[in-house]
Amino acid sequence: MHSVLPLGILLAVVAGQALAADWIGAPLGVLERQDIAQLLKDQPLAAGANIRAIPLQKTDHSAQFLIQIRDREPLHYHADSDITVFILRGNGRIRIAERARPARVGDVIHIPRGVVHAYINEGPEIGVAFVVYSPAPGPNDRVLVEPPGK
């Protein structure tokens with residue numbers, strides 16, 4: 001059941017329908033469908049804010065979020081979780097360790113726990129990604145390597 005969720009999002013993105021995609025999950029044991037564009041409209045990134053994480057579902061084994069990024073993330077790593085990132089909106093670069101590569105709509109990026117990384121938005125629109133954490137992150141999962149704003 002857990003592998004169906006990312007695959008469904010991946011197929012929608014690859015088909016070029018990321019903005020019309022639904023998130024399908026069972027947060028309380030009941031299958032639920034939510035329109036991603038509506039979730040973003042209902043929970044927009046506030047004016048002046050740089051990053052917003054919208055929690056979708058969390059179990060002992062994984063957690064899924066919609067992440068919005070206006071500018072960039074500070075360099076950081078995850079102490080608890082591997083992450084898989086599905087770029088839904090925006091264009092930019094992903095820095096993983098010492099290398100930076102383009103990150104565009106439809107890209108799927110896997111980052112093992114402990115690997116330093118950051119997304120840099122290079123487009124005019126807010127970047128949006130569907131991110132799967134495995135296992136679900138603890139309260140100290142995100143470890144900054146540099147202070148925000150650098």
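This is a predicted model: local features need pLDDT of at least 70, side-chain atom pairs count only at pLDDT 80 or more; totals for chains, interfaces and linings use all residues.
In soluble globular proteins, nonpolar side chains tend to be buried together. The largest nonpolar core of the model has 16 residues, of which Val-85, Ile-87, Ile-109 and Val-131 touch the most other members. At least two residues of this core come from each of strands E4 (63–69), E6 (82–89), E9 (108–111) and E11 (127–134), and E4 gives the most, with four residues. Beyond its neighbours within four places in sequence, Val-131 is in contact with several residues, among them Phe-65, Ile-67, Ile-83 and Val-85. A second, separate core consists of twelve residues, including Ala-21, Ile-36, Leu-56 and Val-128.

Strands E6 and E9 pair in the antiparallel sense over four bridges, and Ile-111 in E9 is the bridge partner of Ile-83. In a regular strand the side chains alternate between the two faces of the sheet.

The structure holds three salt bridges. In one of them, Arg-113 meets Asp-82 with an N to O distance of 3.3 Å; this pair links distant parts of the chain, since Arg-113 lies in the loop between E9 and strand E10 (117–121) and Asp-82 lies in strand E6, 31 residues apart. Arg-113 is partly exposed, at 39% relative accessible area, and Asp-82 is also partly exposed, at 22%. Another salt bridge joins Glu-98 to Arg-95, with the closest N and O atoms 3.6 Å apart; here Glu-98 counts as exposed because its relative accessible area of 70% is over 50%, while Arg-95, at 27%, is partly exposed.

Methods. Residues are numbered from 1 along each chain as its sequence is written. Side-chain values use heavy atoms; hydrogens and water are left out. A nonpolar core is a set of buried Ala, Val, Leu, Ile, Met, Phe, Trp, Tyr and Cys residues joined through side-chain atoms within 4.5 Å. Buried means under 20% relative accessible area, exposed over 50%, partly exposed in between (1.4 Å probe, protein chains only). Contact means heavy atoms within 4.5 Å. Two strands pair if DSSP finds at least two bridges between them. A salt bridge is a side-chain nitrogen of Lys or Arg within 4 Å of a carboxyl oxygen of Asp or Glu.
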